[in-house]
Amino acid sequence: MSVHFIRVFLLVCLWASSIAASAQGVTIFAAASLTDAMNDVVKMYAAKSGVGVKSSYAASSALARQIESGAQADLFFSADDEWMDYLEKRSLIDKGTRFDRLGNRLVLIAPAGAARKVEIRRGIDLAGLLAGGRLATGDPASVPVGRYARQALTYLGLWAFAEAKLARADNVRFALTYVERGEAPLGIVYSTDVAIARGVQVIGVFPQESHSSINYPIAIVAGRGTAPVRAFHGFILGSEAAAVFQRFGFAVR
Amino acid sequence: MIDLSIRKQLGEFGLDVSFSVPEQGLTALFGRSGAGKTSVIAAIAGLLRPDEGHIRVSGRTLFDSASGEDVPVHRRRVGYVFQEGRLFPHLSVRDNLLYGQRRSPVVNRRIDLDEILELLGIAALLGRRPRDLSGGEKQRVAIGRALLAQPEVLLMDEPLASLDAPRKREILPYLERLRDELRVPIVYVSHAIEEVVRLANLVVVLDSGRVAAAGTPEELGERLDLRPLLGEFESGAVIDASMEAYDAVFDLSTLAFDGGRLRVPGNAGVIGAKVRVRVRARDVSLATQKPVDISVQNIFEGSVEQVAEEPGAYAELKLRVGNTRFLSRVTRESVSRLGLRTGSRVFLLVKSVSFDRETLSAAPGIASAGQRGHG
Amino acid sequence: MLTDFELQALWLSLKVALRSVALSLPFALGAAYVLARIRFPGKVLFDGLVHLPLALPPVLVGYLLLLTFGIRGPLGGWLFETFGLRLAFTSLGASIATAVMSFPLMVRSIRLSIESIDSGLESAAATLGASPLDRFFTITLPLMLPGVLSGCVVAFAASLGEFGAVITFVSNIPGETQTLPLAIYSAVQTPDGDAAAARLAALSLVLALSGLMVSEIIARRARMMLGGGPE
């Protein structure tokens with residue numbers, strides 16, 4: 001059994017809300033954290049150009065795997081460099097169309113009204129803040145926000161303690177939900193997630209230097225650079241889309 | 001006494017049945033399929049709830065729409081033998097038999113396992129599973145199981161219907177023993193007239209949910225008006241006789257009845273035993289003078305009570321010998337040629353070879369008691 | 001042969017699945033009995049509700065569980081206040097998620113076995129003096145046992161494979177809620193996790209297959225015992 005065959009088999013078992021994209025029109029695979037902003041961008045683009053765009057949101061890892069196994073995606077908007085690199089290494093994206101488009105910040109959140117602000121620095125009493133509960137974030141093994149969280153906690157000297165305390169969500173939105181529902185007293189998510197969430201509050205922002213910069217690269221999938229796809233790619237990189245992304249709390253590059 | 005009067009609407013079919021039967025012996029509910037027989041015993045058992053009426057067994061009210069009484073099935077103490085046996089497949093024969101006994105109050109236990117094993121001949125089956133039993137064995141176990149629950153009445157719903165002829169012959173003697181040796185009244189549903197005639201003390205004929213007639217098999221057998229209801233019944237008279245002598249040289253038994261002596265083949269029982277004989281109408285020939293030098297063993301002098309001419313070639317005659325009634329089926333041409341009419345003196349000729357195991361059986365031990373039928 | 005990580009996922013999966021079966025069995029018995037034997041208005045709706053987990057996306061089921069059994073949910077809040085029990089992020093919560101997902105399968109199997117019981121046998125038991133409860137325990141239950149057993153094994157096998165509801169409700173915590181399918185998922189999500197994923201996949205394949213085979217063997221044995229003979 002070839003490794004490739006196993007991989008295809010495993011992907012069948014994968015949970016992903018991907019849609020079977022049709023051959024016509026434009027289909028974009030975007031990281032789950034982009035859901036609300038991208039929906040607005042797509043709506044705006046449709047109003048302006050009359051072109052309907054289909055979008056599929058999931059963990060960047062899941063989307064990259066799907067593109068690898070031939071999913072009908074035209075564009076990939078990843079929440080980190082690693083999975084974009086993964087596709088680029090396999091020549092599955094058009095290198096010349098890859099741009100770092102958005103930036104984000106990592107924040108510590110708590111259920112609304114539950115906690116006061118803290119300054120995030122080395123020696124912070126994470127155990128005291130958790131009070132026996134769990135720290136919700138993405139799975140560091142696979143979900144980008146989890147990986148950034150691991151970097152930041154390692155930098156702060158808290159990883160050894162926190163590793164066993166993580167509630168490892170399948171994507172960042174579920175990490176947010178865990179905190180919102182009071183299941184976890186604390187969570188680490190992107191600042192953009194908080195902008196659209198009710199029921200949670202930011203109690204601290206992780207210092208920039210505690211983790212590598214959070215980058216959202218976008219690229220056209222190899223061999224799918226038709227005129228409509230290029231046009232939409234250009235629109236995402238333009239100023240109208242930039243305003244939308246800013247409204248949702250992203251840093252635009 | 002089983003005293004019953006029930007009404008029940010089952011879709012298009014309306015059941016309206018009332019009768020009383022005595023404390024002992026076997027009462028047959030007879031009728032075509034769909035006549036409502038099974039519904040009646042299901043109501044006695046509590047498996048079918050009448051719209052109105054009452055059901056009393058041995059003075060105990062099981063159901064009364066007027067007072068609102070409705071004893072649940074499991075407290076009615078009725079034994080029920082289903083057509084298909086319904087043995088519990090996951091229990092051994094022994095556990096099947098004891099299922100009801102274990103649930104009966106100790107003070108009520110009149111029938112014990114050994115008695116049942118002997119009575120039904122099932123001692124050898126105790127360790128087996130129902131799936132390893134033949135149809136006849138299953139039915140005997142089902143009967144034993146119902147009896148060991150110490151019922152006040154035993155209800156049997158066509159227990160022989162699913163069996164072939166040899167299996168039926170295997171079980172019939174056991175049913176006769178139950179009827180004669182146990183002090184449990186039996187209500188026996190059947191659409192097979194031969195079974196009914198052989199077993200019943202009393203017959204209640206049901207037709208379209210109503211009681212069409214009630215009486216002893218002898219009485220009903222003579223009623224020519226019931227012919228359509230009795231169906232394909234081979235018409236004949238039922239005579240209860242007693243065993244008088246057995247001639248081992250010629251292997252013939254002599255039976256005494258009220259009006260004469262009947263010679264039948266084989267050994268019909270111990271001297272003094274009650275024997276029920278069915279004399280089929282077609283086996284009775286008639287003569288106006290006493291024949292001589294004839295092979296026929298049974299020749300009785302009697303009188304014609306009634307002549308019923310049928311469409312076609314035949315006529316049926318009701319005859320009396322002493323206090324016993326016979327039926328004879330001859331051609332209309334013979335009736336005309338011999339000039340037979342009510343009051344004619346005739347000689348009845350019955351060949352001994354016309355008797356067989358189907359027409360000879362042990363007579364019910366209890367004389368027919370009073371009955372009333374309405375509805 | 002197996003690494004500690006694989007063993008941990010394996011034992012956890014078995015534990016979660018076993019508890020899941022134990023949790024759902026009493027409810028499945030009740031639901032199956034009601035569906036097979038009792039007529040009541042709204043039965044179609046009840047039937048639909050029982051089967052809902054089959055039709056809903058597992059992730060949605062997990063989310064609904066979070067809303068219901070979470071600390072702020074109606075049931076979860078009560079459990080926490082009364083027993084100090086928290087379900088989210090625990091293996092018990094994982095068992096509840098798999099129990100809900102495999103519930104329809106278990107009910108189906110049990111219901112079929114009840115429907116195949118000749119209700120005449122219960123009537124017969126009633127005429128022999130057995131009360132309704134007595135009849136259930138001495139006749140109905142033993143006769144439906146094959147269906148109950150195979151329902152349990154099928155539910156057990158399904159529990160071993162449940163993913164979406166588990167990861168959503170109790171997240172993916174190694175040693176606590178990371179069952180085999182979740183471990184496979186994590187491995188696939190890691191850029192170089194293919195080989196580890198393949199080993200785990202092979203493991204769960206063997207597990208699922210043996211579960212289903214055991215179920216078939218039990219069903220066959222039971223049929224023999226009840227006198228039907230092999231079908």
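**Where chain C meets chain A**

Visitor: Which residue of chain A meets C:Arg86 in a salt bridge?
Guide: This is a predicted model, where local features need pLDDT of at least 70, side-chain atom pairs count only at pLDDT 80 or more, and totals for chains, interfaces and linings use all residues. Side-chain values use heavy atoms, with hydrogens and water left out. A salt bridge here is a side-chain nitrogen of Lys or Arg within 4 Å of a carboxyl oxygen of Asp or Glu. At 3.8 Å, N to O, the partner of C:Arg86 is A:Glu183.

Visitor: How many salt bridges does the rule find across the interface of chain C and chain A?
Guide: Polar contacts (N or O atoms within 3.5 Å, one able to donate a hydrogen and the other to accept it; residues adjacent in sequence count only if both atoms are side-chain atoms) link 15 residue pairs, both at pLDDT 80 or more. For salt bridges across this interface, the count is two.

Visitor: Which helix gives the most to the side of chain C that touches chain A?
Guide: Helices are DSSP runs (H or I, at least four residues), numbered from the N terminus. On that side, α3, α8, α9 and α10 of chain C each supply at least two residues. With six residues, the top contributor is α9(C).

Visitor: How much area do chain C and chain A bury between them?
Guide: Buried area is the accessible area (1.4 Å probe) that two parts lose on being put together, summed over both. Carbon and sulfur atoms carry 60% of it, and the total is about 2,800 Å².

Key
Residues are numbered from 1 along each chain as its sequence is written. Chains are lettered from A and ligands numbered from 1 in the order in which they are written.
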